[in-house]
Amino acid sequence: MSRTIMAVDDSPSMRMLLRAALSDLGYQVVEAEDGIHALEKLQVAAPDLLITDINMPRMDGFGLIAEVRSQGLRGLPILVLTTESSDEKKQRARDAGATGWIVKPFHPDKLAAAIRRVLH
Amino acid sequence: MSGPIRHDGMRRVTVAQGETRVSDEPEVVLTTVLGSCVAVCFYDPVVRVGGINHYLLADGTGSDQTSMQRYGVYAMEVLINAMLSMGAARHRLKARIYGGAKMRVGFRDIGSANIAFAREFLRAERIPVVGEDVGGSIARRVEFRAALGLARCRGVDNVVSIPVTRPIARPAVVSSGDVEFF
């Protein structure tokens, strides 16, 4: 049975790229366009991994990670996928409870390796 | 934003290939020269912030389509995020597209691929295109007064700095795809 990954990004173009890459790797994909949308979908979906952007309207990636952790989903791996690379923002993500940090533009092989590492 | 102040009171800031610049300073002119490359200008008329990028996705040596799209989306996202960090709102953005000329007869028309990417990206992101000057076979100079949303584009001859024979395949990315686990 294939694993499910929730991809959270406010850019439809980025979501399309992620869906294509993740589907090619054999994963089921659930999309959300910001943190609030992701939280709504998490009430009915049970992904094995969450991949989220940082800069998003309504609720950004930091807020989403904190909310997910506060709801008791401690075992859900969360990978941040962002154009940001500052140490300060990495630290914020780490403090919020992120599992890892990937810098865009993602390389498919590196993304696949990161997913395997947290899922298997 | 750095750059010498000229006699006309304007401060010109050059935007090189792979770079992104945003500004809300009325005296700043963001300027770039384009051959096959494309520059997309964004403007938010409410907060009066503008920005421009300068990208070349295809290098004529067989870059695959998906790889092109990944770097193109990245180039756009960097610009959009820079705009948002200065108070712009995504739903207020208006775009202009410049460049994408075919600079060498007989070579693959990489300018068209760059134009097509910009149009498709902006359509998917629902960002309206309010102007464009693209294609053809001449280089262009774009001057963008970002804080006013005023762009001027004109053809240029004998520009030696345009990367037509040895283009960089992608925007400059220091740590593309790097993964760090916490």
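Which residue takes a positive phi in the hairpin of β4(B) and β5(B)? I found that Arg48(B) does, with phi near 55 degrees, in a hairpin that has four residues between its strands.

Before going on I note that this is a predicted model, in which local features need pLDDT of at least 70 and side-chain atom pairs count only at pLDDT 80 or more, while totals for chains, interfaces and linings use all residues. Residues are numbered from 1 along each chain as its sequence is written, with chains lettered from A and ligands numbered from 1 in the order in which they are written.

Strand β4 (residues 38-44) of chain B runs antiparallel to β5(B) and is joined to it by four bridges, and Asp44(B) has Val49(B) as its bridge partner. Strand β2 (residues 20-23) of chain B is also antiparallel to β5(B), again with four bridges, and there Ser23(B) is partnered by Gly50(B).

Is β5(B) buried or exposed? Five of the five residues of this strand (residues 49-53) are buried, so it is largely enclosed by the rest of the structure; buried means 20 or more other C-beta atoms within 10 Å of a residue's own, with C-beta atoms placed from the backbone. Val49(B), Gly51(B) and Asn53(B) point one way, and Gly50(B) and Ile52(B) the other.

Technical notes
Buried ≥ 20, exposed ≤ 12 C-beta atoms within 10 Å, placed from the backbone. Helix = DSSP H or I, 4+ residues; strand = E, 2+ residues; numbered from the N terminus. Pairing = 2+ DSSP bridges.
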